[in-house]
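Q: I have a model open here and would like to talk it through with you. Could we go through it piece by piece?

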Amino acid sequence: MRPALLLTSRFALSAIFLYAAATKVPDMAGFAQDFANFRLVPPGLVPYGASAVVGIEVVLGLALATGFGARSAALAAGGLLVIFLGALAQALLRGIDLRCGCFGNDELASWWTVARDALLLVPAALVVWVKPDGQLGRSTTKY
Amino acid sequence: MRILAQALALCAAGAIIGMTGNGFTPRPAPLGARVTSTAEAPGAMCQLPGGRGPVVPRISVEEAKPLCVACSALFVDARSAAEYQSGHITGAIHLARGEPADPVLWRLGVYKTVIVYDRDPSCALADQVAKALLERGAQDVRVLTGAWPAWMAAGAPGAAGPCAVCGEHAQRGGP
């Protein structure tokens, strides 16, 4: 049961990251603008940051899908989700109306998107910390 | 520590791949250029994020102010009800995103121009409400550049309190 849960978590995270990247690739300039609207990064770094985010999503998605460095990828995915959470929350608290840029569409940032990101931390944490036998801690078994 | 190092390595690899692959995408991010937020871009107040250009025509505070004074345009406040109550453009109707547009549509025979505004210079909420009005048949819908903060800064007419007209329609339950 536990290996199935971990596999599901891994594949779910992988699918979400790959889907998020795939929706951004057709319009990277648009995503760079969404990225700039968070007003967190100096304008000169925005295009680099935006393209880096998409590349990281692809690499983490592939790592989670293939199982190559899956725990490291889940840890990085968790870190990325925390950054997204912080960026969304600070924009909402500052009263900035913006599109979240999450999946390349016109979805507005809202507390729902924050909650959704927070929910994704659960599968990431499972992959990082839960062993297939249900113990917490470093996993030595490949799953 | 090893897992952390691997995670950082994956991120570094992803960042390099992303920046390299960016040039092969249909609309690449302009590496080397400055991308400012939509609200901060000079002369670009209330343009849609993504450089897609506004879908709803804009109107400046300077142009909108005389229309408000002469009551020749219908102003629509797309912010929250609480924000509307604490201060809004004189005569504006409150219509948040997703709410029925009937109170505005009923007045289209009286007002030729509808001006929608929200709280933020990026005008995301106002755009959505304006698009909904256009889809429902309104002909001349504009979005106020600079939004409510620019209106306040210009010393243009404002009022406070609940939306009496919206309440009236809510109580009547429709036309």
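Q: Of the contacts in chain A with a separation of 6 or more, what percentage comes from residues 24 or more positions apart?
A: This is a predicted model, and in chain A residues 24 or more positions apart account for 66% of the contacts with a separation of 6 or more.

Q: What share of chain A is buried?
A: Of the 143 residues in chain A, 48% are buried.

Q: What about confidence, and where is it lowest and highest in chain A?
A: The average pLDDT of chain A is 85, with 88% of the residues scoring at least 70. Confidence is lowest in H2(A), where the mean is 86, and highest in H3(A), where it is 95.

Q: Let's look at helix packing, then. At what angle do H1(A) and H3(A) cross?
A: The axes of H1(A), which spans residues 2-24, and H3(A) cross at roughly 150° and come within 8 Å. Angles over 145 degrees count as roughly antiparallel, and H1(A) and H3(A) are therefore roughly antiparallel to each other. The crossing in which H1(A) passes H3(A) is left-handed.

Q: Which residues make that contact?
A: From H1(A) the contact is made by A:Arg10, A:Phe11, A:Leu13, A:Ser14, A:Phe17, A:Leu18, A:Ala20, A:Ala21 and A:Lys24, while H3(A) contributes A:Val54, A:Glu57, A:Val58, A:Leu60, A:Gly61, A:Leu64 and A:Ala65. The residues of this contact of H1(A) with H3(A) divide into 11 nonpolar, 2 polar and 3 charged.

Q: And H1(A) against H5(A), how far apart are the axes?
A: The axes of H1(A) and H5(A), the latter being residues 111-129, are 9 Å apart, and the two helices pack at an angle of about 130°. H1(A) and H5(A) are therefore oblique to each other, and H1(A) passes H5(A) in a left-handed crossing.

Q: Which residues are involved there?
A: On the H1(A) side they are A:Leu5, A:Leu6, A:Ser9, A:Arg10, A:Ala12, A:Leu13 and A:Ile16, and on the H5(A) side A:Leu120, A:Pro123, A:Ala124, A:Leu126 and A:Val127. The contact of H1(A) with H5(A) divides into 10 nonpolar residues, 1 polar and 1 charged.

Q: Switching to the interface, how many residues of chain A are in contact with chain B?
A: There are 42 residues of chain A in contact with 38 residues of chain B. On the chain A side, the elements that give two or more residues are H2(A) (28-37), H3(A) (46-66) and H4(A) (70-93).

Q: Which of those gives the largest share?
A: H3(A) gives the largest share of the side of chain A that touches chain B, with 14 residues. By residue type, that side of chain A divides into 26 nonpolar, 10 polar and 6 charged.

Q: One more spot, over in chain B: where does B:Ala160 lie?
A: B:Ala160 lies in the loop between strand E7 (158-159) and helix H7 (164-172) of chain B.

Q: Is B:Ala160 buried or exposed?
A: B:Ala160 is exposed, because it has 10 other C-beta atoms within 10 Å, and a residue counts as exposed at 12 or fewer.

Q: What is B:Ala160 in contact with, leaving aside its neighbours within four places in sequence?
A: With those neighbours left aside, B:Ala160 is in contact with B:Gln85, B:Ser86 and B:Gly87. B:Ala160 and B:Gly87 are 73 residues apart in sequence, yet 4.3 Å apart in space, C-alpha to C-alpha.

Note on methods. Residues numbered from 1 in each chain as written. Chains lettered and ligands numbered in written order. Predicted model: local features only at pLDDT ≥ 70, side-chain atom pairs only at ≥ 80, totals over all residues. Contact = placed C-beta atoms within 7 Å. Helix = DSSP H or I, 4+ residues; strand = E, 2+ residues; numbered from the N terminus. Nonpolar A, V, L, I, M, F, W, Y, C, P; charged D, E, K, R; others polar. Axes fitted to C-alpha atoms, helices over the stretch in contact; angles between N-to-C directions. Parallel < 35°, antiparallel > 145°, perpendicular 65-115°, else oblique. Left-handed = near helix turned anticlockwise from the far one by under 90°. Buried ≥ 20, exposed ≤ 12 C-beta atoms within 10 Å, placed from the backbone. pLDDT = per-residue confidence, 0-100.
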